[in-house]
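Try each task before reading its solution.

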Amino acid sequence: MSVVTAVYEIETAMPLERTAAVMASEQSSGTFVAVARETEELKRRYAARVVGIEELPLSGRPPLPGASGDWREARRARVSIEFPLHNFGPSIPNLLAAVAGNLFEIREAGALRLVDLDLPAAFAERYPGPAFGWDGTLALTGRAQGPLLGTIVKPSIGLSAEQLGELVTELADAGIDFIKDDELQGNAPNLPLAERVRVVTDALHRAADRNGRMPMYAFNITDDIDRLAANHDLVKAAGGTCVMICVNTVGLAGLQYLRAHAELPIHGHRTMFGAYSRSPQVGIDFMVFQKLSRLAGSDHVHTNGLSNKFYESDEQVLASIAAVRAPLLGGYEAVPVLSSGQTAALATRTYERVGTDRLLVLAGGGIHGHPGGSAAGVRAMREAWSAALAGETLEARAASVPELAAALTAFGPPR
């Protein structure tokens, strides 16, 4: 029998075995009382099964609201549960209803996180995953190797069409590899998607005529699902080479709908991810999110970056990058996207700790906040990463590159 194995971390004041059994029952054939038609034969075929309980040290945190029992008796464990695939089939929305569903609400758990999924081959047969991955993305940017260096349009919102065109021109002429809309920029009345596509692609094509290479621009086409295909086609018809979607706001089914239609790489932004994952007591881990995002079609998956401006530690970020790079069901190669507070000063440490150049590194403020302007910020990032790959210190490279020297002064010493 083909199964999905879901792994959870729980903390409970109830007996561990009882809480695990409630989890398996609640998400398969059972409910809070025995019912007439829940026969032994039915349970044998359809009940989820607890296959592992590994006790862990207590967290020391208080329980979630409404948790049962005396928390002084709490225990913590990693619990593995097998779900028969024939309960829901190779369908991401129905998979999540089974392995997550109501679990975060049960009283028996004072903490509960879904931390991993082991999926059978049937999901690979149903979902084709990323269409472009690293090789396709690299080819479309015109680069021979990585890392790909990019930025985000800043200010995120408020630029006029003319200002946006000027910014894109400056970045393209400076040799940027990748530019993306901010997730806040959708199809807003002040700068509609159609106008943004027209202005940006015109600037990009003019730059390509001058420079012989056109950066990739990820247009944020996030919208109601019935608009996604038309938004994608608008970008493609104008000669654009990438679309961006906010995975959590349109949902994984929305992402898969776009993947089935798309002829361009999909930049999967993880907007709202913190709502699902920031709490150590409840939610869904990045390991699960990135697997499902890749299955549903994201070519680029945001992982956050080292020394970021948000809540994740370097260790968490490194684990996320490694997860995106790891094979899934024999393939599903996606590009890790490092972002959030990235600057030229981080190049060496990032390269040393990640150990690969197959990365898309985005610097928003780290480029646009350069004292010499955005073009100087691009040059500083390029030189910093060139030095990192060559094994040269940033200080040594900065001695002959004023833009890098200014960046290290502005954003701190090499890290």
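**Exercise 1.** Which unit do strand 8, helix 9 and strand 9 make?

Solution. The model is predicted, local features need pLDDT of at least 70, side-chain atom pairs count only at pLDDT 80 or more, and totals for chains, interfaces and linings use all residues. Residues are numbered from 1 along each chain as its sequence is written, and side-chain values use heavy atoms, with hydrogens and water left out.

Step 1: locate the elements, where helices (H or I, at least four residues) and strands (E, at least two) are DSSP runs numbered from the N terminus. Strand 8 covers residues 242–246, helix 9 covers 247–261 and strand 9 covers 266–269.

Step 2: check the pairing, which takes at least two DSSP bridges between two strands. Strands 8 and 9 are parallel, with four bridges, and V243 faces I266 across the pair.

Step 3: the three elements form a right-handed β-α-β unit; right-handed means that, with the strands pointing away from the viewer, the path from the first strand over the helix to the second runs clockwise.

**Exercise 2.** Find the partner of strand 8 in strand 7 (residues 216–220).

Solution. Three bridges join these parallel strands. A218 lies opposite C242. With helix 8 (residues 225–237), strands 7 and 8 make a right-handed β-α-β unit.

**Exercise 3.** Are the faces of strand 8 covered or uncovered?

Solution. Step 1: in a regular strand, side chains alternate between the two faces of the sheet.

Step 1: one side holds C242, M244 and C246, the other V243 and I245.

Step 2: these residues are all buried, that is, under 20% relative accessible area with a 1.4 Å probe, protein chains only. Both faces are covered.

Conventions. Buried < 20%, exposed > 50% of the residue type's maximum accessible area, 1.4 Å probe, protein only.
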